[in-house]
There are 4 protein chains.
Amino acid sequence: MKYALVGYTGRMGAEITSLFGASGHELVMTVDENGGASRGVPQIVLDFSRPSALESTLRICREHTAALVLGTTGLSSEDMSAVREMSRLVPVVYSANYGVGINILMMMLSDYSEILSDWEMEMEEMHHNKKIDAPSGTALALMDALGRKCPAHSVRLGNLPGDHTVYLANSDELLTFTHRTINRSALSRGALLAAEFAISAGKGYYNFQDVLRKRK
Amino acid sequence: MKYALVGYTGRMGAEITSLFGASGHELVMTVDENGGASRGVPQIVLDFSRPSALESTLRICREHTAALVLGTTGLSSEDMSAVREMSRLVPVVYSANYGVGINILMMMLSDYSEILSDWEMEMEEMHHNKKIDAPSGTALALMDALGRKCPAHSVRLGNLPGDHTVYLANSDELLTFTHRTINRSALSRGALLAAEFAISAGKGYYNFQDVLRKRK
Amino acid sequence: MKYALVGYTGRMGAEITSLFGASGHELVMTVDENGGASRGVPQIVLDFSRPSALESTLRICREHTAALVLGTTGLSSEDMSAVREMSRLVPVVYSANYGVGINILMMMLSDYSEILSDWEMEMEEMHHNKKIDAPSGTALALMDALGRKCPAHSVRLGNLPGDHTVYLANSDELLTFTHRTINRSALSRGALLAAEFAISAGKGYYNFQDVLRKRK
Amino acid sequence: MKYALVGYTGRMGAEITSLFGASGHELVMTVDENGGASRGVPQIVLDFSRPSALESTLRICREHTAALVLGTTGLSSEDMSAVREMSRLVPVVYSANYGVGINILMMMLSDYSEILSDWEMEMEEMHHNKKIDAPSGTALALMDALGRKCPAHSVRLGNLPGDHTVYLANSDELLTFTHRTINRSALSRGALLAAEFAISAGKGYYNFQDVLRKRK
């Protein structure tokens, strides 16, 4: 596919460029804080940058009837309305988290939240010692998936890319669900799945779990 | 509830007697290899013994229109036909495994077996050093739930009641699902859930996952 | 060996009685809050009860020149002086924790505390939901062994007998040391090791790590 | 320090160059299959290449009275004699494994092998699916450290850099020692420690555990 990349010079941009290139996809347009460059017509636009970039991202989608995979966090409700509006014209995938495994875990826990509702629950998340926020956003998202709050223990050590563990216990059994990030390229792989989904989906608004369930 | 217990003198029998007693249920009939004793009319019959006991178990159900919770393994297809036939008269719950947590894990993995189908998979199970069969029946049941075979590593150490771990990995992430048995009374607790379910269910044939999903 | 047991009716007393009996040792004297009973001369006295019992415990040791295995916590410095004094007459083993595995872990970490001093460290301990103190005394003892404090995360779930995990990381590696209690009889097994050690040791004061290192 | 690097173009060479550069050390000589280049006099030579390179490595050490850090595997007994001979002139560190954490774990287990000798033991090691040998050389080295063989379970999944776990159990307790490689640069960091040690050590033959114990 021919894709445009908004946020080309960021870390996520670099990983997307590398993975999409290795998968045979062609980067035909780049957009960044300092402007943009184009050498073709994109079928899809990927934006993992900042809210301030959204307006130009949507303009590109509209101009080329290009699908959109959006991973920007911190969008306002007006922003989200504009994104929803765009999904009446093209396929739009939006998620705050493109991690494949962690989303599968969230889906499983959400589906079983009622059956697990009388199990006691705590979480542990381990990240590198530069991470400031605690608990991690992903730990909070796991609580959302389970529909309840619980103690979350934040371990900060060395250079760990990120582990999340959910403990659930009744009086005789302990269930432990752990997600370990091995490579930080996990997110760009999710973006690739989303792009491959969107390019052949009908227009409409999808989240990343729709992508994983292949609900086009 | 007033219950009959087939296999009263076995280990599972002792745990059921203890847990059901603590939950306020009344043991009104016991059956064992050496005969039986009765001091009331059972509303439900629990049988976690051997195939040879099935005939008398079904007779008691029929005589008292009592529900049945059956955990006997090694039943023949004729046996199973007789059990199915009984479910036209009374509620019957049958399962080879009444562990609550392990069944929840199997249900989750079964539901997500397709989404997880391109993840590489291995299992590890840890049990006490007296356990002869390897891999454990539960490890095989987990493979069934996932719809595919995989290497299963059997660790035999000390006095461990039983851990089962499913590893699933793609190139960037590792998902680990672990079930740990803390007390061997886990199974009797499942039997209690099944009995409480059956006593108020309509006649019919149920498995333990129906109990957990409360599908009466 | 012929042993006296102070704190006969407590939980630890019951486990000691059971394990020592199975190992062929003979209980010849019991002491409890309500008094005592004697049917022989003890070679060794075990006391896992309360500070208030210490005086009579030491009297029995002196009267019969019996060795002492003492596990009482909360002793005053006067109490400890009296215990030390007793060790001039008979072998005395004193420890606040008779867990074999956890003591081995503490010894290992203590020996390597300097080599590990530039590794970042955190701990996690998991116990049943009735446990009130946090972090556990054992977590604090692990910190002592390592000669430094660190964050300790206390997970309280179900009926877990007790796990302790020490995480140590540098920028490229993670070391994880975990001790899991499988049966609460772990402590009585340590008491048995200590008694078998003391019965053949020379008079003197020993801790449980001397027992494990067999330093008589 | 000014260092020579034999095996400059290999993967380990690249990681050493990167880490040593970041630590302020100066690469003054490179040697490779295709020859060498020099722009200064080395104080120390690092060789993590092949047995065939050893002769020229030793020549450089002799010529410049340079210390040696050697990580080549597959050396013959004649090779090792030549290395030992060299250690009469300069400090020589030799090890088949420069992983810091895994060596600390081996040292700990070796020191406690006797105390742990009546614990049952098994191992699990997890690596990426390209790894052919099983069990890993490190698992075998852990067995050596403990002085006995045990079942070793080899899990091969995705892109895992490498986990090693030693399970030790008695009837009441489970000890679990796990080493996880987070970044494959772990080995070059061990090479840096060894070089910093050797540069200030007296002439002699050292292994990597001497480096970790700072026994100069």
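**View 1. Helix H6 of chain A in its surroundings.** Since 11 of the 13 residues of H6(A) are buried, this helix is largely enclosed by the rest of the structure, which is a predicted model. The buried positions of H6(A) include A:Ala186, A:Leu187, A:Ser188, A:Arg189 and A:Gly190 towards one stretch of numbering, and A:Ala194, A:Ala195, A:Phe197 and A:Ala198 as well. The length of the helix can be checked against its residue count: at 1.5 Å a residue, the 13 residues of H6(A), 186-198, should span 18 Å, and the end C-alpha atoms are 19 Å apart, which agrees.

**View 2. The contact between chains B and A.** In this interface, 27 residues of chain B are in contact with 27 residues of chain A. On the chain B side, the elements that give two or more residues are helix H4 (100-111), strand S10 (173-181), helix H6 (186-200) and helix H7 (208-213) of chain B, and the largest share, nine residues, comes from S10(B). Sorted by class, the side of chain B that touches chain A has 13 nonpolar, eight polar and six charged residues.

**View 3. Strand pairing across the boundary of chains A and B.** Strands of a sheet pair through backbone hydrogen bonds, either parallel or antiparallel. Here strand S10 of chain A, residues 173-181, and S10(B) pair in the antiparallel sense over nine bridges. Within this pairing, A:Thr178 has B:Thr176 of S10(B) as its bridge partner.

**View 4. The contact between chains A and D and its axis.** Five residues of chain A are in contact with five residues of chain D, and the chain A side of this contact consists, by class, of two nonpolar, three polar and no charged residues.

**View 5. The seven-stranded sheet of chain D.** The strands of this open sheet follow the order S3-S2-S1-S4-S5-S6-S11 in chain D, with mixed pairing. Strand S3 (35-38) and strand S11 (204-206) stand at the edges, each with a single partner strand, so one side of each is left without a neighbour in the sheet. From one strand to the next, the twist averages 15°.

**View 6. Parallel strands and the helices packed on the sheet of chain D.** Strand S1 (residues 2-6) and strand S2 (residues 26-32) of chain D pair in the parallel sense over five bridges, and D:Tyr3 has D:Leu27 of S2(D) as its bridge partner. Helix H1 (residues 11-22) of chain D lies across S1, S2 and strand S4 (44-47), running at about 165° to S1(D). Helix H2 (residues 54-64) of chain D also packs on the sheet, where it touches S1, S2, S4 and strand S5 (67-70), and its direction makes about 170° with that of S4(D).

**View 7. The surroundings of D:Ser154.** This residue, D:Ser154, is found in strand S8 (residues 152-156) of chain D. D:Ser154 is partly exposed, with 18 other C-beta atoms within 10 Å. Not counting residues up to four places away in sequence, D:Ser154 touches D:Glu125, D:Ala134 and D:Pro135. The C-alpha atoms of D:Ser154 and D:Glu124 are separated by 6.0 Å, although these residues are 30 residues apart along the chain.

Terms used: Residues are numbered from 1 along each chain as its sequence is written. Chains are lettered from A and ligands numbered from 1 in the order in which they are written. This is a predicted model: local features need pLDDT of at least 70, side-chain atom pairs count only at pLDDT 80 or more; totals for chains, interfaces and linings use all residues. Two residues are in contact if their C-beta atoms, placed from the backbone, lie within 7 Å. Ala, Val, Leu, Ile, Met, Phe, Trp, Tyr, Cys and Pro count as nonpolar, Asp, Glu, Lys and Arg as charged, and the others, Gly among them, as polar. Helices (H or I, at least four residues) and strands (E, at least two) are DSSP runs, numbered from the N terminus. Two strands pair if DSSP finds at least two bridges between them. Axes are lines fitted to C-alpha atoms, for helices over the stretch in contact, and angles run from 0 to 180 degrees between N-to-C directions. The expected span of a helix is 1.5 Å times one less than its number of residues. A residue is buried if 20 or more other C-beta atoms lie within 10 Å of its own, exposed if 12 or fewer, and partly exposed in between; C-beta atoms are placed from the backbone.
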